[in-house]
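Visitor: I'm new to reading protein models. Could you walk me through one?

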Amino acid sequence: MGPMYRPGDLFENRFRIERELGEGAFAQVFHSGYCTRPCAMKWFKVPFPMVPVNTLRRFLSEVKLLLRARHDNVVQCHGYLLWDVHFPKINPCLLLELM
C-alpha cells in the first residue's frame, strides 16, 4: 500500500510530517514536530468516515488512557487527530513520544 500522507503535509497548522518511520498492516508512522518537540504520528489506515462507531469509541477510550499514563515503560501520548479542514477524509492519528 502506498503512503496515505507525505512529508510536508501539515495538519491543524502545527503538525508537519517530516519523514516516514515505518508501516505495518494497520498503521503508518511518521516523524513529525509537535509544538517545539519531535513526535511520532501513528496514522491508522481506516479513514474516519469509514470507522465503525464502536471502533471509534474504543480508539477514544484508549487515547484517554494513554493521555493519563505516566510510566517509563509506556510511550507518552501527546494527543490525537480525527479531522482537519484540508484533509476531509483524515484517518485517526495518535501523536506519540518519539523514541
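Guide: Let's start with a cysteine. The sulfur of C39 lies 7.8 Å from the closest cysteine sulfur, the one in C93, which is too far for a bond. A disulfide is a pair of cysteine sulfur atoms within 2.5 Å, and a search of the whole structure finds zero of them.

Visitor: What kind of model is this, and how are residues numbered?

Guide: This is a predicted model, where local features need pLDDT of at least 70 and side-chain atom pairs count only at pLDDT 80 or more, while totals for chains, interfaces and linings use all residues. Residues are numbered from 1 along each chain as its sequence is written, and side-chain values use heavy atoms, leaving out hydrogens and water.

Visitor: Is C39 buried or exposed?

Guide: Buried means under 20% relative accessible area, exposed means over 50%, and partly exposed is in between (1.4 Å probe, protein chains only). C39 is buried, with a relative accessible area of 0%. C93 is buried too, with a value of 0%.

Visitor: Which residues make up the largest nonpolar core?

Guide: In soluble globular proteins, nonpolar side chains tend to be buried together. A nonpolar core is a set of buried Ala, Val, Leu, Ile, Met, Phe, Trp, Tyr and Cys residues joined through side-chain atoms within 4.5 Å. Here the largest has 11 residues: Y5, F11, F15, I17, F30, C39, M41, W43, L81, C93 and L95. Its largest share, three residues, comes from β4. Another core, of nine residues, lies apart from it and includes F59, C77, L82 and L94.

Visitor: How many helices and strands are there?

Guide: Helices (H or I, at least four residues) and strands (E, at least two) are DSSP runs, numbered from the N terminus. The protein chain has one helix and six strands, in the order β-β-β-β-α-β-β from the N terminus on.

Visitor: Which residues of α1 are buried, and why do they share a side?

Guide: An α-helix has 3.6 residues a turn, so residues three or four places apart point the same way. In α1, the buried residues are L56, F59 and V63. They cover an arc of only 60° around the axis (taken from the directions from the helix axis to the C-beta atoms), which puts them on the same side of α1. The face turned away from that buried side carries the exposed residues R57, R58, E62, K64 and R68.

Visitor: What do the buried residues of α1 pack against?

Guide: They pack against β4 (37–44), β5 (77–81) and β6 (93–97); contact means heavy atoms within 4.5 Å.
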